Every structure is written in structure tokens, then in C-alpha cells.
Amino acid sequence: MDTFFQQLINGLTIGSIYALVALGYTMVYGVMRLINFAHGDMVAASAFVGLTIYTQVMGQSATLFSVIMIFLLAAVSMACVGVILERVAYRPLREAPRLSAVVSALGASLVIQNGIMLLWGPQMRIFPELVPQVYWEIGGVVVSLIQVIILILSLVLMVALYFFVEKTRMGAAIRASSIDQDAARLMGINVNTIIATIFIIGSSLGAIGGLFIGLYYRGITFNMGWQYGLFAFVAAILGGIGNIPGAMLGGMLLGLFNAFIAGYVSSTWSDAFTFILLIIILIVRPTGILGERVAEKV
Amino acid sequence: MSNQPLFEIKDLEVSYGSIAAIKGISMEVHKGEIVTILGANGAGKTTCMRTISQLLKAKSGSIRFKNAELTGLPAHKIVGLGISHSPEGRRVFGILTVEENLLLGAYSCKSVDRKVLEWVYDLFPRLKERRKQLSGTLSGGEQQMLAIGRALMSKPEMLLLDEPSLGIAPILVKAIFKQIRAIADNGVTVLLVEQNAKAALKLADRGYVLEVGKIATSGTSEELLSSEKVQEAYLGKKH
């Protein structure tokens with residue numbers, strides 16, 4: 001039983017990181033029908049930006065204030081990168097064939113990845129210990145302060161996003177644009193503004209995911225965006241790409257699945273099992289778990 | 001009728017790539033009128049409507065509304081000027097509820113006018129009954145009511161209606177046309193595109209007949225109803 005609860009906690013922690021990153025993929029896909037392959041690399045970039053803000057701006061202090069500032073500044077800088085990325089790499093190709101945008105996304109991914117390598121070097125860097133190493137042992141299950149912070153902050157962000165999208169005017173405009181951009185324009189919705197907003201939200205959430213990866217795993221590399229991005233992308237598909245609650249659910253499920261396979265079967269094989277799970281889900285439900293909420297009448 | 005039209009199209013040309021869809025049309029709509037554009041499939045009716053809303057860009061010509069030039073404006077600016085468009089095929093936001101669709105109709109206004117919402121619910125009580133339902137689950141006729149209601153939410157001076165009878169049960173078509181009359185009586189100018197020529201001419205004050213991108217004939221509804229050419233082509237009568 002101890003293994004079960006231990007892996008449950010571990011799985012939820014990784015799962016919430018996947019979920020935060022998956023939201024960026026799914027929101028962009030929802031409105032633009034585009035997989036932003038550079039998203040994972042922005043997640044990685046965020047960890048490096050956080051590292052530099054810590055050493056250069058905050059003078060290596062890890063007070064509550066400086067930690068909050070690191071999170072805010074990293075999120076804001078990634079939001080800017082996201083908006084620039086959309087302007088430069090995606091907007092000029094909006095009317096172009098789908099494949100052109102995919103190639104542009106892959107190119108953007110390489111540019112950001114190599115940019116990180118140029119700025120911070122190819123070797124692994126150690127992310128600062130922003131959160132003190134505090135552990136609690138509850139009946140044989142170890143829970144760390146970092147895990148608690150990741151879980152709570154992710155939950156708060158996801159609930160906030162959910163209410164923003166479901167209950168606000170801007171949220172309704174985002175949902176409308178994801179269904180029918182022309183009809184949204186007829187309502188007076190500026191779809192360019194909506195797309196920029198989506199990149200701001202998705203990139204900031206991804207940035208926070210990147211900092212969590214740094215905090216939780218400590219070692220950060222320039223090319224880690226590929227791995228985490230791929231898993232988050234799988235999570236988005238699992239939940240139903242384009243569907244916001246789906247990305248949250250998919251991330252959590254993927255994290256749990258990963259952790260339980262690692263705990264009960266084999267940690268070397270957990271990635272392989274993840275993709276077997278993906279294949280099975282796509283065979284049974286090609287639209288993902290929450291994909292296609294209603295059949296639309298024509 | 002004042003001399004200065006509320007809305008005016010002059011020498012409009014629109015093409016898809018190298019294919020000309022509208023080859024130089026001119027028309028005007030005066031305040032308070034119901035004007036209909038008739039024509040067969042592919043005559044350019046929907047193209048014309050989409051160009052007014054700037055979803056399509058004109059190749060040349062001008063579209064003026066209350067002395068403002070519409071060509072060249074981004075599409076999302078049009079509704080704020082007072083022209084609202086209920087598109088062909090209804091295009092309701094299926095995964096949003098009926099009420100969310102209506103509220104989005106007022107997106108261009110600073111706030112939602114509850115009176116307009118109540119008016120829309122009075123016009124189409126079916127929408128009020130189903131306001132919490134996802135609009136994708138409505139019947140075609142109900143979706144059409146929603147599309148019209150949504151277009152009214154921005155308090156337009158002129159309403160563009162593109163084929164409100166398309167694919168809808170005849171009994172609902174009657175109900176919808178009756179309410180279009182009521183909307184016009186409320187002071188909203190209506191530009192109506194229809195394939196159902198008879199119903200449209202009964203409702204409208206004037207009409208234009210579009211044939212492969214050109215205006216073939218125009219006149220008051222009585223004139224068009226009695227014109228042999230229109231009867232032969234659109235009303236199914238042989239002489």
C-alpha cells in the first residue's frame with residue numbers, strides 16, 4: 001500500500017506539470033489547428049531564464065519575494081517569446097497549407113533549443129534550490145514541500161484558467177474563435193487578439209511548468225524541452241486535443257500512469273508503456289477522452 | 001424615403017483567385033426597407049454578403065454605410081458600425097449554450113442590453129426555453145432563430161440575413177419570416193438573401209436578381225413578382 005500512495009503523490013506531481021504544459025499545446029491547437037512544436041522548448045527556456053534571474057537579478061537569494069519574482073519574470077518573458085513566435089513564425093502562414101505551419105513550428109523549436117544552447121551552454125545545469133528541502137513522512141509515504149507547492153499552485157492555476165475560459169466574456173470569445181473564426185469575427189471578436197491572448201496564457205503556464213521541472217528534477221538541459229514537450233503533447237491528445245479540461249485530465253492521468261508503471265513494473269519501461277497506452281486510447285477513442293463533447297448538427 | 005441611402009454598393013467586384021464571383025454590381029438600401037437579393041446557386045449572393053462584412057475582400061468598388069467606407073476595414077470592426085450578419089448555414093457556436101451565443105452577439109457593445117435579450121426571447125420563445133442548452137443540439141430551425149437573435153444582440157441598424165430558410169421545415173420558415181417582418185417593423189433595415197424567391201418577395205419591399213455575378217433585374221417586389229422573367233426562373237411558372 002505504501003508504494004501505491006507514494007506513487008500516487010509522485011504521479012500527481014508529475015501529472016500536474018504535464019497538465020500545465022499540455023494546456024499550451026491544446027489551447028493553441030484549439031484556435032489555430034496548429035501544433036506549436038516550439039512549446040516544449042519554451043518550457044525548457046523558462047527553466048534557464050529562471051536560473052539566470054536567480055543568479056543575476058536576485059543575487060542568489062531564495063526568499064519568498066525573490067521566488068515569486070522569478071516565477072513572474074520567467075512567465076512574462078515566455079509570454080513575450082510566445083507572442084513574438086506567433087507573429088514571426090505562425091501568423092504569416094495562417095492562410096498557407098497546414099504542412100507549412102508544421103515545418104515552421106519545427107523550425108521554431110530548433111531555433112529556441114539552439115538559442116538555449118548558445119546562451120547557457122550544452123552541459124547540464126543545476127537549478128537553484130528555491131524551495132527548502134522539507135519532507136514529511138506520513139505512514140511510510142514521503143511528501144516533500146516542493147510536491148505540495150507544485151500540486152497546489154497547479155491546481156489554483158488550472159481552476160483559474162477554467163473559470164476564465166468558461167465564465168468570462170473573453171473566455172467565451174476564445175471558445176467561439178476555436179469553433180468558427182469567421183463567425184467570431186461577425187460578432188466583432190478580433191481573432192488576432194484572441195490568438196495573442198492564447199499564446200500569452202499558454203506560454204506563461206508552460207513557463208511555470210518549466211520552473212517546476214527545474215525545482216523537482218534539479219538538472220536542466222537545453223534539449224529537455226523535447227522530452228517534456230512530447231509527454232505533455234501526449235497528455236493533450238489523451239484528453240482530447242483542443243479541449244482544455246481534457247488537457248488537465250490527460251496530464252494527470254499520464255503522470256499517474258507513468259508513476260504506477262515505474263513503481264510496479266519497471267521504471268526503464270515506463271515511457272514505452274506510456275506510448276502503448278496512447279496507442280490503445282487512440283484506437284478506442286480517436287478523439288481522446290474528452291474530445292468532441294457534442295455531435296454538431298449540420 | 002430620404003434621398004441619401006443608408007447603404008450603398010457601387011461597382012463591386014469580388015473574385016476568388018482568378019475566378020470572378022461578382023462582376024460589378026451596384027445597389028442601395030434605404031432606411032427601414034427590407035431588400036432582398038435573389039438568385040440561383042452560385043449567383044454570388046453569399047459572396048456579396050461576406051464581402052459587405054469584410055470576411056472577403058473586394059477587388060474593386062465601394063461599399064458605403066452611413067457615409068463610412070467599409071472596404072478595407074477588418075471584419076471584426078463591421079458589427080460595431082451597425083451592420084450585423086446572420087451567416088449562411090447559421091454558424092452558431094455549437095459547444096456554447098444558447099444564451100452564451102446570444103451574449104456573444106453583444107460582444108461589440110460595452111455591456112449586454114437586457115432589453116434586447118428580452119426582445120429576442122419574445123421574438124423566438126423557443127430560444128428562451130432552451131437557453132441553457134448547447135446550441136449544437138438545437139434543430140436547424142431553432143439554430144436559425146438563434147443565428148438571427150444573435151445578430152440582433154448588437155442592436156444593428158441593418159441586418160444581413162443569408163438564406164434563413166435554407167434546410168428548414170416549412171412551418172418554421174413561415175414563423176421565421178413572420179419575425180423578420182416584426183424585426184423590420186422595429187426599425188431595423190433588412191438585407192435578405194434568399195433562394196426561396198416567393199417567400200422573400202412577399203416579405204420584401206424591393207429586390208435585386210443576381211445572375212452569375214451580375215444584377216439581371218431589379219425593382220419593387222410587385223414588379224418582380226409579375227415579371228415573366230422572374231416567374232420563369234424562380235417561381236416555377238411557365239408562360
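Tyr90(A) is buried, and Phe199(A) is buried too. That is a starting point in a predicted model. The two residues also form an aromatic pair, with 6.0 Å from centre to centre and 35° between the planes, which makes the pair tilted. Tyr90(A) sits in helix H3 (residues 64-90) of chain A, while Phe199(A) belongs to helix H8 of chain A. The pair therefore links distant parts of the chain, 109 residues apart, under the 6.5 Å limit on ring centres.

**Aromatic rings**

The whole structure holds 13 aromatic pairs over all chains. A pair of aromatic rings is described by the distance of the centres and the angle of the planes. Phe260(A) and Tyr264(A) give a second example: their ring centres are 6.2 Å apart and their planes stand at 20°, so this pair is stacked. Both residues lie in helix H10 of chain A, four residues apart, or about one turn of the helix. An α-helix has 3.6 residues a turn, so residues three or four places apart point the same way. Tyr264(A) has 48% relative accessibility, so Tyr264(A) counts as partly exposed. Phe260(A) and Tyr264(A) also belong to one aromatic cluster with Phe4(A) and Phe5(A).

**Helix H5 of chain A**

Helix H5 of chain A covers residues 145-167, which is 23 residues. From first C-alpha to last, H5(A) reaches 32 Å, close to the 33 Å expected at 1.5 Å a residue. Which residues of H5(A) are buried? They are Ile146(A), Gln147(A), Ile150(A), Ser154(A), Met158(A), Leu161(A), Val165(A) and Glu166(A). Within chain A, the buried residues pack against helix H1 (2-32), strand S3 (141-144), helix H6 (169-179), helix H8 (191-217) and helix H10 (244-265). They also pack against helix H3 (98-105) of chain B.

**Salt bridges**

Side chains of opposite charge can pair when their charged atoms come close. The count comes to 20 salt bridges over all chains. Three of these pairs are set out here.

| Residue pair | Closest N to O distance |
|---|---|
| Arg50(B) and Asp182(A) | 2.9 Å |

Glu100(B) lies in helix H3 of chain B and Arg175(A) in helix H6 of chain A, so the pair joins two chains. Arg175(A) counts as buried because its relative accessibility is 6%.

Arg50(B) forms a salt bridge with Asp182(A). This pair also crosses between chains, from helix H1 (residues 45-52) of chain B to helix H7 (residues 181-186) of chain A.

Glu157(B) is in the loop between H6 and strand S7 (158-162) of chain B, and Lys66(B) is in the loop between strand S4 (60-65) and strand S5 (68-69) of chain B, so the pair ties together parts that are 91 residues apart in sequence. Glu157(B) has a relative accessible area of 25% and is partly exposed. Lys66(B) is partly exposed too, at 42% relative accessibility. In chain A, salt bridges that share partners join Glu86(A), Arg91(A) and Arg94(A) into one network.

**Arg150 of chain B**

Arg150(B) is found in helix H6 (residues 140-152) of chain B. Is Arg150(B) buried or exposed? Arg150(B) is buried, yet has no salt bridge. The nearest side chain of opposite charge is Asp180(A), 6.8 Å away. A salt bridge needs the nitrogen within 4 Å of the carboxyl oxygen, so that gap rules one out. Arg150(B) does lie over the face of Phe93(B), at 4.8 Å from the ring centre. Its contacts include Met187(A), Arg90(B), Phe93(B) and Leu102(B). Another charge over a ring spans the chains: the charged end of Arg169(A) sits over the ring of Tyr107(B), 4.3 Å from its centre.

Gln179(B) lies in helix H7 (residues 170-185) of chain B. Its relative accessibility is 17%, so Gln179(B) counts as buried. Gln179(B) is in contact with Asp122(B), Leu123(B) and Phe124(B), leaving aside neighbours within four places in sequence. Gln179(B) and Phe124(B) are 55 residues apart in sequence and 8.1 Å apart in space, C-alpha to C-alpha.

Phi is positive for Gln60(A), near 55°. Gln60(A) lies in the loop between helix H2 (39-57) and H3 of chain A. Lys66(B) also has a positive phi, near 50°.

Key
Residues numbered from 1 in each chain as written. Chains lettered and ligands numbered in written order. Predicted model: local features only at pLDDT ≥ 70, side-chain atom pairs only at ≥ 80, totals over all residues. Heavy atoms only, no water. Buried < 20%, exposed > 50% of the residue type's maximum accessible area, 1.4 Å probe, protein only. Lys, Arg positive; Asp, Glu negative; His and termini not counted. Contact = heavy atoms within 4.5 Å. Expected span 1.5 Å × (residues − 1). Phe/Tyr/Trp six-rings, centres within 6.5 Å; stacked < 30°, edge-to-face > 60°. Lys NZ or Arg CZ within 6 Å of the ring centre and 35° of its normal.
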